[in-house]
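This briefing goes through one protein model, topic by topic. Please keep the sequence and the 3D view open while reading.

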Amino acid sequence: AGQGHYIILKIHRKVQGKVKKVQAVSAAKTRGKSFTARTLALKGSHLATKVQISLYMPPSVEVSYKSDYADTEISALAGAGAGVIEAALKGKGAGGKMIDIGKSLGQIAAGKIQSSKMELLFKGVGRRSFNYTFAFIPKSAKESKSVDEIIYELKKAMLPEYTTGMAGQNSDRTLTIPTTFGIEYYFTDGGGKRNNFLNKISTCYLTDLQVTYGGDRYKAYSASNTSRGESGAPPQRTEISLTFNEIEIITTEDIEKGF
């Protein structure tokens, strides 16, 4: 009783590490003596949380695990050939297997063939995706501004920007890579706690964002300004749909960690 459930979306920013001198004794020798090599290395780079957004839990959340397999056909002749190799390795000779191949060729000439064998070939693991839909019905213009700020931060985080040219020149039309997200499920029970009954989610990109303003009939509050100083009339209902894709694939080791 008294539990509340919510999702935390963490918008990341990359913190560059510091360049440090690294010393290592080289295996090479000069006049019979080893020497110490001094190099530079970038250490301490990591992801930090730039913006954190807490949203109520949708009615349900889904997670899908997928392993990709492909049907691989093994023909009758290929199967017979494999049998010849197997017999040779076992020291049984290949005479009987060669007769079997002759029978297979005879069946083909007579218009009769054996059905092909099928085997499954493991191709890999599909990356997981997560879809969420949130409907905001703010009770005041002030709450509507908060909804606007949430959407603004999501849009900024999912899209790239142009890099700058050399020596302060104009953009060179090269796009940066959008920032990543962290997603965590929490519940309140004497304080916010991570809900370990639900799956963990590794680092994601926000790949799709859909925004719907209004419902059956569009309504808005009185004119005001956004947090960015732009004038307008905040809508009384806004719905957003989000699709996140994980960067990494999930393996057995990850499942043991709660993913």
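Thr179 has a relative accessible area of 22%, so this residue counts as partly exposed, given that buried means under 20% and exposed over 50%. The model is predicted.

**Thr179 and Pro178**

- Thr179 sits in the loop between helix 3 and strand 8, and Pro178 is found in that loop too.
- Beyond the residues up to four places away in sequence, Thr179 touches Ile11, His12, Arg13, Ala157 and Tyr205.
- From C-alpha to C-alpha, Thr179 and Met158 are 6.5 Å apart in space, although 21 residues separate them in sequence.
- Pro178 is partly exposed because its relative accessibility is 23%, and the limit for buried is under 20%.
- Once neighbours within four places in sequence are set aside, the contacts of Pro178 are Ala157, Met158, Leu159, Pro160 and Tyr205.
- Pro178 and Glu161 lie 17 residues apart in sequence, with 7.9 Å between their C-alpha atoms.

**Helix 3**

- Helix 3 covers residues 141-158, which is 18 residues. From first C-alpha to last, helix 3 reaches 26 Å, close to the 26 Å expected at 1.5 Å a residue.
- Its buried residues are Ser144, Val147, Ile150, Ile151, Leu154, Ala157 and Met158.
- Viewed down the axis of helix 3, these buried residues fall within an arc of 155°, so they line one face of the helix.
- The cover over the buried residues of helix 3 includes strand 1 (4-15), strand 4 (46-56) and strand 7 (129-136). Strand 8 (181-188), strand 10 (204-213) and strand 13 (238-246) are also included in that cover.

**Aromatic rings**

- Six aromatic pairs are present in the structure.
- Tyr56, Tyr132, Phe134, Phe181 and Phe244 are linked by ring pairs into a cluster.
- Arg228 lies over the face of Tyr152, 4.2 Å from the ring centre.

**The protein as a whole**

- The protein contains four helices and 13 strands.
- Of its 259 residues, 23% are buried.
- Taking contacts between residues at least 6 apart in sequence, 73% join residues at least 24 apart.
- The accessible surface comes to about 18100 Å², and carbon and sulfur atoms account for 52% of this surface.

Conventions:
Residues numbered from 1 in each chain as written. Predicted model: local features only at pLDDT ≥ 70, side-chain atom pairs only at ≥ 80, totals over all residues. Heavy atoms only, no water. Helix = DSSP H or I, 4+ residues; strand = E, 2+ residues; numbered from the N terminus. Expected span 1.5 Å × (residues − 1). Buried < 20%, exposed > 50% of the residue type's maximum accessible area, 1.4 Å probe, protein only. Arc of directions from axis to C-beta. Contact = heavy atoms within 4.5 Å. Phe/Tyr/Trp six-rings, centres within 6.5 Å; stacked < 30°, edge-to-face > 60°. Lys NZ or Arg CZ within 6 Å of the ring centre and 35° of its normal. Areas by Shrake-Rupley, 256 points an atom, 1.4 Å probe, with all protein chains shown as cover.
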